[in-house]
Amino acid sequence: PRRTPAETPAGVVLADLRAARARRDQAELDMFNQSLAWAALHEVDDVDRACVFDDSPIPVAGVGAPLIGEEAVSEYAAALGVATDTGKRMLGQVVEIGHRLPKLHARVTAGKVLVWQARRIAEHTIALNPDAASWVDAQVAGFANKIRLSQLDRTITAAIDRFMPAEAEAEAMRQVDTRKVVIRHQQVSAWGMSDFHGTLDLADALDLDAALTARANELKALGSTDTRDVRRSLALGELARRQLALGFGVEDHQTSKHSSAAPRPVPPVRGVDLSVHISELALAGCTCGAAALARTEHGSPLVTTRQVQNWCAQPGTLVRVRPVIDLDQHASGTRYETPALLREHLALRDDGCVFPWCTKKASVCDCDHITPHDAGGPTCDCNLALLCRTHHRLKTHTRWRYDHHGHGVHVWRSPHGLLYRRDPSGTQAINPNPAARPPTTQDTS
């Protein structure tokens, strides 16, 4: 017998694909409902009592939605395998839908609107006051499953104009001038490249464009074989260094301080701070594999040693050699304050906050005594770790606890007994389902 299209291998694959998507949509709805239940279990009504027990209530959704205990937000995020800020945003969207967008919530529960579609709307309504949020809910709930972002933006803007006139006027004032220049030097590619973008006054933009084009043409005339885009980027760097040399030079050491001669400009010095981890193979002259990689202190995960050589070979570059820090060597201090060399040791070992899935870099972290200093904990690398301010506060004032197991390995225990291993490679949940674990004294206290 001849098979129908649905019975062919391709038809079976499509049927399985649709079934998998249906299961995914149902799983997202289940997660939505469980998230709402988690929030309900940790709503904070008595703010004064919550503060006494160090579980600070924090707003996660718009005005009128319940506050949620900070400890509960961090544990929710960890259970989902995301950073605390991401978990807070996700939980906030759920609370926003459940408490401030009832019409949308009803359609999500009925399966008429997918969870991700509702989250997209909630993300935009959190900043609205209750009247504006309720109006948006009434306007978009009926077709939330097919609304475009442009339509949603217009609806949000209309709600602000109608129900939040003061905020609308303030936003209009902010939009008068949006000029800015952003250089993402904290996000460096493996080839040592950083993204750069900005919004300029039209006249300034035209002048900058003309200057870059003129210098790019000069470089080509001088024999450069680089592409036009590369030559323009080189021209921008030259422009910056030339500007640094104008009016900011210091007097030459051979010029008397009593001389009337004008100070001579000093060529700008290029500086790139590098933390280079060198293997035995690299010391032996090998330039392949891990031996060909280095890491900078500007947040790049890896750069090539060839790029490091190119940076150091540029005219005017100052190369400074600092002492090697051996991460296998014990480092300590004699007081509560962490010495600079010990802090640098921790920064190289941990790279950033060691809380599960946190991505905050070392430059914004505190040095935390795992065993408190006033309880006998020493100031040394085996009792210190880097924590961002949020997770430092959680460890100090809530039931989150962790231990250091050497070589940058930290094992965290959440208030409900979930265990997480954080090491230089990332975070791993150790016991993702501790339901059978008997409660401890800490859990019942």
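Modeller: Strands are DSSP runs of E with at least two residues, numbered from the N terminus. The model is a predicted one. F196 lies in strand 5, residues 194-199.

Biologist: Why is F196 called partly exposed?

Modeller: Buried means under 20% relative accessible area and exposed means over 50%, with partly exposed in between. F196 has a relative accessibility of 45%, so F196 counts as partly exposed. Together with V181, I183 and L200, F196 forms a nonpolar patch on the surface, with about 370 Å² of accessible area in total.

Biologist: What makes F355 and W412 an aromatic pair that is edge-to-face?

Modeller: By the rule that ring centres lie within 6.5 Å, the count comes to seven aromatic pairs. For F355 and W412, the centres are 4.9 Å apart and the planes stand at 70 degrees. Planes over 60 degrees apart count as edge-to-face, and therefore the name applies.

Biologist: Why is this pair said to tie together parts of the chain?

Modeller: F355 lies in the loop between helix 14 (340-350) and strand 9 (365-369), and W412 lies in strand 12 (residues 410-413), so the pair ties together parts that are 57 residues apart in sequence.

Biologist: How do you know that F355 is buried?

Modeller: The relative accessible area of F355 is 1%, and the limit for buried is under 20%. W412, at 0% relative accessibility, also counts as buried.

Biologist: What makes the pair of W400 and Y420 tilted?

Modeller: The angle between their planes is 35 degrees, with 6.4 Å centre to centre. Stacked requires under 30 degrees and edge-to-face over 60, so this pair is tilted. Both W400 and Y420 are buried.

Terms used:
Residues are numbered from 1 along each chain as its sequence is written. This is a predicted model: local features need pLDDT of at least 70, side-chain atom pairs count only at pLDDT 80 or more; totals for chains, interfaces and linings use all residues. Side-chain values use heavy atoms; hydrogens and water are left out. Patches are made of residues with over 30% relative accessible area and no salt bridge: like charges are joined within 9 Å, nonpolar side chains (Val, Leu, Ile, Met, Phe, Trp, Tyr) within 5 Å. Accessible areas come from the Shrake-Rupley method with a 1.4 Å probe; for residues, only the protein chains shown count as cover. A salt bridge is a side-chain nitrogen of Lys or Arg within 4 Å of a carboxyl oxygen of Asp or Glu. Helices (H or I, at least four residues) and strands (E, at least two) are DSSP runs, numbered from the N terminus. Buried means under 20% relative accessible area, exposed over 50%, partly exposed in between (1.4 Å probe, protein chains only). Rings of Phe, Tyr and Trp (its six-membered ring) pair if their centres lie within 6.5 Å; planes under 30 degrees apart count as stacked, over 60 as edge-to-face and the rest as tilted.
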